[in-house]
Amino acid sequence: MPSASLISMFDALLSDLDGVVYAGPHAIPGAVEALGKLEGEGLRLGYVTNNASRTPAQVAAHLRELGAPAEDQQVVSSSQAAAELLSGMLPAGSRVLVTGSRALAHELELVGLIPVHSALEHPVAVVQGFNPEIAWKDLAEASYVVAGGALWVATNTDMSIPQARGIAPGNGTLVAAVASATGQKPLVAGKPEAPLFHAAAKRLGSERPLVVGDRLDTDILGGNRAGFATVAVLTGVDTRESILAARAEERPGYLINTLSELYEPYPEVDGRDGTYHCRGSRARVDGNTVTISGDRADVDSWRAACAAWWAANPGATTAMVPDLEWLDH
């Protein structure tokens with residue numbers, strides 16, 4: 001009897017976008033096809049994004065252009081998570097200062113809160129999300145309200161945003177400006193915090209979601225903090241080497257090359273006498289060295305290496321890069 005596929009152990013997939021579904025303007029090879037098979041397997045699909053400047057409808061339209069299955073309600077943004085977080089902490093009709101986009105203000109309206117744009121309108125909270133139009137006066141208004149003791153929520157704290165001309169400051173840099181002025185820290189709704197993932201699972205009615213992402217510091221960390229299973233896919237930012245070195249909080253439960261491997265059985269990694277076996281690959285730790293018997297290009301070798309290194313360093317609070325010794329396989 002064939003073994004069950006990895007995805008069959010879950011009832012939904014919560015997918016990151018950039019580095020998982022697409023890279024720049026183009027879909028990642030095989031990703032659209034893999035996502036399209038989920039419905040036939042009886043699984044729900046949700047997309048989780050830190051982008052607070054586009055509406056879920058705009059994100060869904062972009063995904064459909066690429067051929068991916070995407071209804072508007074399948075996209076859960078950090079703006080929505082921030083609005084839901086605020087609605088659970090404030091009475092309906094509360095005034096909230098919006099330091100961000102019209103899309104963010106609209107999400108507040110949908111949960112019964114009133115967006116305002118000046119401290120003079122007596123808001124009881126501030127929500128801060130990325131908007132390339134934000135100016136000093138907007139940050140000043142936020143600072144006045146935050147310094148007065150108001151509740152402060154940030155959609156996300158990404159420090160940078162890739163742009164066509166290079167790396168530009170992200171929402172995290174604007175949040176840091178208000179934090180520096182006020183000495184306060186916001187609650188964060190988006191990755192790598194749990195609320196965005198909880199909101200997505202709630203939207204789908206999922207009890208056993210699998211979070212898939214390409215970044216340890218946002219997707220995997222956030223999924224782990226939410227208490228969900230996580231899988232790192234090697235089509236984006238993080239590599240086999242960086243995943244092996246990951247600190248404990250950012251370690252995924254599973255490691256795959258591409259989304260198509262969601263439909264394959266996931267191999268067991270077995271540790272016996274300090275040696276970790278994954279199918280034909282083996283790994284063992286001696287001090288700061290991981291000795292691996294297997295093909296360097298085979299993900300099973302890295303699965304065995306991760307299991308061995310992580311078992312030897314279970315509570316790592318910083319990234320720990322081991323020396324690697326490869327043996328003839």
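Leaving out residues up to four places away in sequence, S78 touches T49, N50, N51, A52, T155, N156, A189, G190 and L196, where contact means heavy atoms within 4.5 Å. The model is a predicted one, in which local features need pLDDT of at least 70 and side-chain atom pairs count only at pLDDT 80 or more, whereas totals for chains, interfaces and linings use all residues. Residues are numbered from 1 along each chain as its sequence is written, and side-chain values use heavy atoms, with hydrogens and water left out.

S78 is placed in helix α3, where helices (H or I, at least four residues) and strands (E, at least two) are DSSP runs numbered from the N terminus. With a relative accessibility of 0%, S78 counts as buried; buried means under 20% relative accessible area, exposed means over 50%, and partly exposed lies in between, for a 1.4 Å probe and protein chains only. The side chain of S78 reaches the backbone oxygen of N50 at 2.8 Å.

Helix α3 also holds A83, which is buried because its relative accessibility is 1%. Leaving aside neighbours within four places in sequence, A83 is in contact with E107, L108, V111 and L113. A83 and S143 are 60 residues apart in sequence, and their C-alpha atoms are 20 Å apart in space.

Two packed helices are described by the angle between their axes and the distance between the axes. Helix α3 (residues 78–87) packs with helix α4 (residues 102–110) at an angle of about 35 degrees, and their axes are 9 Å apart; the axes are lines fitted to C-alpha atoms, for helices over the stretch in contact, and angles run from 0 to 180 degrees between N-to-C directions. The crossing of α3 and α4 is right-handed, which means that the near helix is turned clockwise from the far one by less than a right angle. In this contact, S79, Q80, A83 and L86 of α3 meet L104, E107 and L108 of α4. These residues divide into four nonpolar, two polar and one charged, where Ala, Val, Leu, Ile, Met, Phe, Trp, Tyr, Cys and Pro count as nonpolar, Asp, Glu, Lys and Arg as charged, and the others, Gly among them, as polar.

Backbone geometry was considered next. Most residues other than glycine have a negative phi, and most peptide bonds are trans. H122, although not a glycine, has a positive phi of about 55 degrees; H122 is found in the loop between β7 (114–116) and β8 (125–128) and is exposed, with a relative accessible area of 63%. D273 likewise has a positive phi, near 55 degrees, and is found in the loop between β16 (269–272) and β17 (275–278), where D273 counts as exposed at 74% relative accessibility. The peptide bond from K191 to P192 is cis, with omega near 10 degrees, and P192 lies in the loop between β12 (187–188) and α7 (195–204).

The structure holds 15 salt bridges, a salt bridge being a side-chain nitrogen of Lys or Arg within 4 Å of a carboxyl oxygen of Asp or Glu. One of them joins the side chains of R215 and D217 at 3.1 Å, N to O; R215 is partly exposed, with a relative accessible area of 34%. The side chain of R247 meets that of E249 at 3.1 Å and that of E250 at 3.2 Å. E250 counts as buried at 11% relative accessibility, whereas R247 is partly exposed at 24%. E193, R225, R247, E249 and E250 are linked in a network of salt bridges.

Key: Polar contact = N/O pair within 3.5 Å; in protein donor to acceptor, adjacent residues only side chain to side chain.
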